[in-house]
Every structure is written in C-alpha cells, then in structure tokens.
Amino acid sequence: MTALRPEREDLYGEPPYGPYGSAPYAGGAMGADPGTGDPPTTPLPALELPDPEPPGRKPPVQKPSALDDETMALRIPDPPRAGLESPSVRASGASSARAAAGTTPGGRAARRKAAKRRGGRHGAGRGAAPAQEADPQRDPERDPQRDPERDPERPLSRVEARRQARLRKPSPATVASRVIGEVFITTGVLMLLFVTYQLWWTNVRAHAQAGKETRSLQHDWASGKRAPGVFEPGQGFAILHIPKLDVVAPIAEGVSNKKVLDKGMVGHYGESPLKTAMPYARTGNFGLAAHRNTHGEPFRYINRLRPGDAVVVETQDTYFVYKVTSTLPVTPPSNTSVLDPVPPQSGFTGPGRYITLTTCTPEFTSKYRLIVWGKMVEERPRSKGKPDELID
C-alpha cells in the first residue's frame, strides 16, 4: 500500500513537513525510511525546563496584555496601578523618602562620612552629631535670631548666652521709665491719702473734739463753773444751733485755725482789729466764722439759708434767737466792712443787735467769702425753757 500512495506536496509545491516542524521525512534527513514514512529513529534533543520554584513561593501570574486598539486618534495613557510602577518611579520615590527622613543613601560608612561633612571640623572632633545641630543655617553665629527656648535640649553656645544676657539686662530707657512710673505711683498714693485725710479723717476728728467741747460746756453750766465775761482765745463760751441745717457746734473765742476752727468749732471775731460785740451786748454785730469744708465743716450748707430761717445762740443762762435777713454770695476776703456794727451791704439802716456768719466760697477753696446776716428777734432766759425754734 505504501507504493500506491503518491508523494504529497504543499499548496505551494513544497514537500510536507513533519509533525514537529522539522525537515520533511523524505531524503533521510532524520534517518527515516523515505519509502515507508515511519517516524525517525534518531532521538530528539531534550527540552530545557525552568527550575522548580522553592516551596512557599507563588509563581508570578502572567496577565494577558490588553488588546491594543489601533487608532489614529490621540489617547491618554492609563495611570499606573498600585504595585506596577516602573523601576525608575520606585527609585525616585525611595530617594524622596530618604531625603525626607534625613538619611543618606549607601552603607554605614557613607552615612558616617556625610555626617562628618555636615558637622565640619568641630563636628568631626566631637563625634557624630545630629544633622539639625550641624546644619549651618541653624548655627547661632550665622543665625542669631534662632530662639534657644524652642530647642531646649541643645545647650547654649557662648554667643547665645551673651545675647540672652544682653536681652535680660534692662536698657537705661527701661530703668528710667520704671523709676518715673514708681514716682508717679508713689505720688498718686500720697495724694490719695492726703485727700482721704482732708475730706474724711479731719471731719471725724473735728466732730469728736466739737462734741467733747459741747458736753463740757453743758456740764460746766449745769454745775455753775462758768459765767458770762471775757474769755481767752480758744475757750468755748456758747453753743450755736442752726435747726434747718441740723448744726450744733460750740462757739469759742478767736478765729485761729489751730486753736478753734480746725477743731470743728465756730470762732468769734473777738480780737482787734476785727473785734465784734458779744450776743448779750445791747447793740452791735456778733461776728462768727467756721470752715465750709473739712475739719467738721459746720458752715458747709449756710448758702441754703433763706430770710426767716432761725439761728440760735445758747449761753449759760440765755437763748438768743436770730432770723436771717440777707445774704452776700461772694465778696473778697479783704471786705471787712461786713463785720461793722451796721454792715453797709446787709440792708440794715441803723444800730441794732445783729449776727454775721462768714465762710469760704466756692467749696474746697478760700478765694472768696460767703456772708449771711441775721437780726435778733428774741432773748429768752434758760429758766423759761428752750425757744420754739429748738423744739421739734
């Protein structure tokens, strides 16, 4: 049957090939019998297989590549997927990570050399120092504005220590401003204490002294130790009542500040050249003076007196009742005519028994004087009791 089978040819007139893509069976190229067509008897070379993978390691999975659409249009390449970056991208990322961490690529010797280069001669002598301390930009000699408080672990250098000492030492302007401030504060405190003393403490003391003198007068009158007559300067001899102002103050001889007025008492003009009459005189002007502010301020509100208001002078055996007639709001201190037996600006036309109250004005000053005049309307013995003006 083999002699009747014609020899086959390829479509292109070539002899057929063997099953393994080798030369055709004819011609004895493989040692086969060309007439029988039996497989070759010569052994084929052995195939080289890859080494088996070690146990526990999975072989890489080969994914089929996507089909490439052949097109003439522009297209945007797909972004790289995680884990598939190119070696150059991975290398650049590792370099960036090392730069951010402050490490030097290479082995331990390379890193040591790099640290010595950054530290310079002094850093090499002291040993490996942190990179941030060896940085020339953080060197206090090159960067004096560095704040050591933000880096407390690093000891201060001599330059930094001197700079900190200069900053802690106050300048002359600062010392001067502190001294001036302390002077102002001390002055303010002293002024506050003085004002408190004048406006409050002097009144406390004067009220106490005036009250003591009033009780002493009343006790002496009750015991009969005093009698009308001539009194020494500073000696009390009467009590002044102003019911409208709720004033009760002792009257003493003289207008001395130290002996009379500063003790909260009302002073009588009884010394020349401003000598005035006593209230029991048959004619004349009984002149009185007192503080308007501080030291008891008995005449603080005499500007509120109006014509017809009562002013009562109490002595050992008599009550002398006066009625306000007129007021002079402002006059110079040199106008002593207000104490005349018949004051020219009072409205009185002839001799009589008058009273004159004088004090300073405006308040808390002594620039001018405030004058209040009154006329006696009743002389009442103590044996008849108090006048109606003193009875509530």
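## Salt bridges, strands and a nonpolar core

Aspartate 309 counts as buried, because its relative accessibility is 16%. Here buried means under 20% relative accessible area, exposed means over 50%, and partly exposed is in between (1.4 Å probe, protein chains only). Before going on, please note that this is a predicted model, where local features need pLDDT of at least 70, side-chain atom pairs count only at pLDDT 80 or more, and totals for chains, interfaces and linings use all residues. Residues are numbered from 1 along each chain as its sequence is written, and side-chain values use heavy atoms, with hydrogens and water left out.

So what does aspartate 309 pair with? Its partner in a salt bridge is lysine 244, with the closest N and O atoms 3.0 Å apart. Aspartate 309 sits in the loop between E4 and E5 and lysine 244 in the loop between E1 and E2, so the pair ties together parts that are 65 residues apart in sequence. Lysine 244 is partly exposed, with a relative accessible area of 45%. The helix and strand names used throughout are DSSP runs numbered from the N terminus (helices are H or I with at least four residues, strands are E with at least two).

A search of the whole structure finds 8 salt bridges, each being a side-chain nitrogen of Lys or Arg within 4 Å of a carboxyl oxygen of Asp or Glu. As background, side chains of opposite charge can pair when their charged atoms come close.

Glutamate 379 is partly exposed, with a relative accessible area of 36%, whereas arginine 353 is buried at 14%. Salt bridges that share partners join Arg282, Arg353 and Glu379 into one network.

Now to the strands. Strand E1 (residues 236–242) and strand E2 pair in the antiparallel sense over 6 bridges; strands count as paired if DSSP finds at least two bridges between them. E1 and E2 form a hairpin with 4 residues between them, and aspartate 246 in the turn has a positive phi of about 55 degrees. E2 also pairs with strand E3 (residues 266–268), in the parallel sense and over 3 bridges. Alanine 252 takes part in both pairings: glycine 236 is bridged to alanine 252 in E2, and the partner of alanine 252 in E3 is glycine 267. Strand E2 (residues 247–253) is mostly covered, with 6 of its 7 residues buried.

Which residues have the most contacts inside the largest nonpolar core? They are Leu240, Ile251 and Val313, in a core of 27 residues. E1, E2, E4 (284–289), E5 (310–314), E6 (318–331), E7 (353–361) and E8 (368–381) each supply at least two residues of this core. The largest share, 4 residues, comes from E1. A nonpolar core is a set of buried Ala, Val, Leu, Ile, Met, Phe, Trp, Tyr and Cys residues joined through side-chain atoms within 4.5 Å.

Helix H4 (residues 158–168) has Glu160, Arg163 and Gln164 as its buried residues. Seen down the axis of H4, they fall within an arc of 100 degrees, so they line one face of the helix; the arc is that of the directions from the helix axis to the C-beta atoms. Arg158 and Arg166, on the other side of H4, are exposed.

Back in the loop between E4 and E5 lies histidine 295, which counts as buried at 14% relative accessibility. The C-alpha atoms of histidine 295 and arginine 205 are separated by 7.4 Å, although the two are 90 residues apart along the chain.
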